[in-house]
Amino acid sequence: MKNREHFQFSTGVIAYPVFFVLTIWLVFWFEVRFGYNFSKYGVYPQTLKGLRGVLLSPFIHGDIKHIYHNTIPLFVLSTALFYFYRHIAWKVVLLGILLSGFLTWCIGRPSYHIGASGLIYVLVSFTFFKGVIAKHYRLIALSLMVIFLYGSMIWYTLPIEKGISWEGHLAGLFTGLLFAIIFRKEIAKPKKYVWEEEHFNEDDDPFLKHFDEDGNFIEIPEPEMEEELPTINYTFKKDKFD
């Protein structure tokens, strides 16, 4: 059964992403201010102690460059998540942290894996594949925007650069895809604006004809072309001698 909540703005759409970002910056500030190093609380694969990093690693970053590169994608993607998928947003975030972290623990190299990039890959993957699976034109547009902004991140799921946890990125990518499949029926009904209801006729738009009233993609069969028979015209001219 499909979720019928509307796409709509609420305080949480901005408040929760801001909370995530402030939390990771507060942790980083605490490390710098008091001289701590929390890297040892990251994911250390295939050790019992390393399991604590499954929950803690997204809040730990190695340096200012690391946290800066994660801040903007985390804010943008989590905002989109809470706007378009607020009914399941917390499930995606919390379960995404746990599952991607656990997969990193299973497949990672013997090193500390830290940072919010695993969660970011969960959000990129989920947002893209969810829009494709849902076949909703607004969600497809969101998927295309995500690929345009963050499509190059796919390369970092491969071991191409030293010091980057490609295992964490790969785990996040797989987790997002898995969630897109599991939550494929969870889709909000878009809220139409007054001007759309009163002045816009979808029958006049060749693109929107391919979507139903809920915005779901429908296939319109091509009209069959009837075979046109040749037309023969006869001209009769009366003989002048008759």
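How many of the 18 residues of α5 are buried? The count is 14, which leaves α5 mostly covered. Buried here means under 20% relative accessible area, exposed means over 50%, and partly exposed lies in between (1.4 Å probe, protein chains only).

This is a predicted model, in which local features need pLDDT of at least 70 and side-chain atom pairs count only at pLDDT 80 or more, while totals for chains, interfaces and linings use all residues. Residues are numbered from 1 along each chain as its sequence is written, and side-chain values use heavy atoms, with hydrogens and water left out.

**View 1. The whole chain is built from eight helices and zero strands.** Helices (H or I, at least four residues) and strands (E, at least two) are DSSP runs, numbered from the N terminus. Along the sequence the pattern reads α-α-α-α-α-α-α-α. Of the 242 residues, 38% count as buried. The accessible surface is about 15700 Å², and 64% of that area belongs to carbon and sulfur atoms. Areas come from the Shrake-Rupley method with a 1.4 Å probe; for residues, only the protein chains shown count as cover. Contact means heavy atoms within 4.5 Å. Among contacts between residues at least 6 apart in sequence, 77% join residues at least 24 apart.

**View 2. Helix α1 packs its buried residues against α3 and α4 (89-107).** The buried residues of α1 are Gly12, Val13, Pro17, Phe20, Val21, Ile24, Phe28 and Glu31. The helix has 24 residues and should span 34 Å at 1.5 Å a residue. The expected span is 1.5 Å times one less than the number of residues. The end C-alpha atoms of α1 are 33 Å apart, which agrees. Just after α1, glycine 35 takes a positive phi of about 70 degrees.

**View 3. Glutamine 46 has a positive phi, near 60 degrees, in a residue other than glycine.** Glutamine 46 sits in the loop between α1 and α2 (53-56). Is glutamine 46 buried or exposed? It counts as exposed, at 56% relative accessibility.

View 4. Two or more residues each come from α1 (11-34), α3 (64-84) and α6 (137-150). The largest share, five residues, belongs to α3.

**View 5. The largest nonpolar core holds 34 residues.** A nonpolar core is a set of buried Ala, Val, Leu, Ile, Met, Phe, Trp, Tyr and Cys residues joined through side-chain atoms within 4.5 Å. Leu74, Leu81, Tyr85, Val92 and Phe126 touch the most other members. The elements giving two or more residues to this core are α1, α3, α4, α5, α6 and α7. Its largest share, eight residues, comes from α5. Leaving aside neighbours within four places in sequence, leucine 81 is in contact with Arg86, Ala89, Val92, Val93, Leu123 and Phe126.

View 6. The 18 residues of α5 should span 26 Å at 1.5 Å a residue; the end C-alpha atoms are 25 Å apart, which agrees. Just after α5, lysine 135 takes a positive phi of about 60 degrees. Leucine 177 is partly exposed, with a relative accessible area of 29%. The C-alpha atoms of leucine 177 and phenylalanine 129 are separated by 6.2 Å, although the two residues are 48 residues apart along the chain.

**View 7. The structure holds one salt bridge.** The side chains of arginine 109 and glutamate 167 meet at 2.6 Å, N to O. The pair links distant parts of the chain, 58 residues apart: arginine 109 in the loop between α4 and α5 (117-134), glutamate 167 in helix α7 (residues 166-182). A salt bridge is a side-chain nitrogen of Lys or Arg within 4 Å of a carboxyl oxygen of Asp or Glu. Arginine 109 is partly exposed, with a relative accessible area of 36%, whereas glutamate 167 is buried, at 1%.
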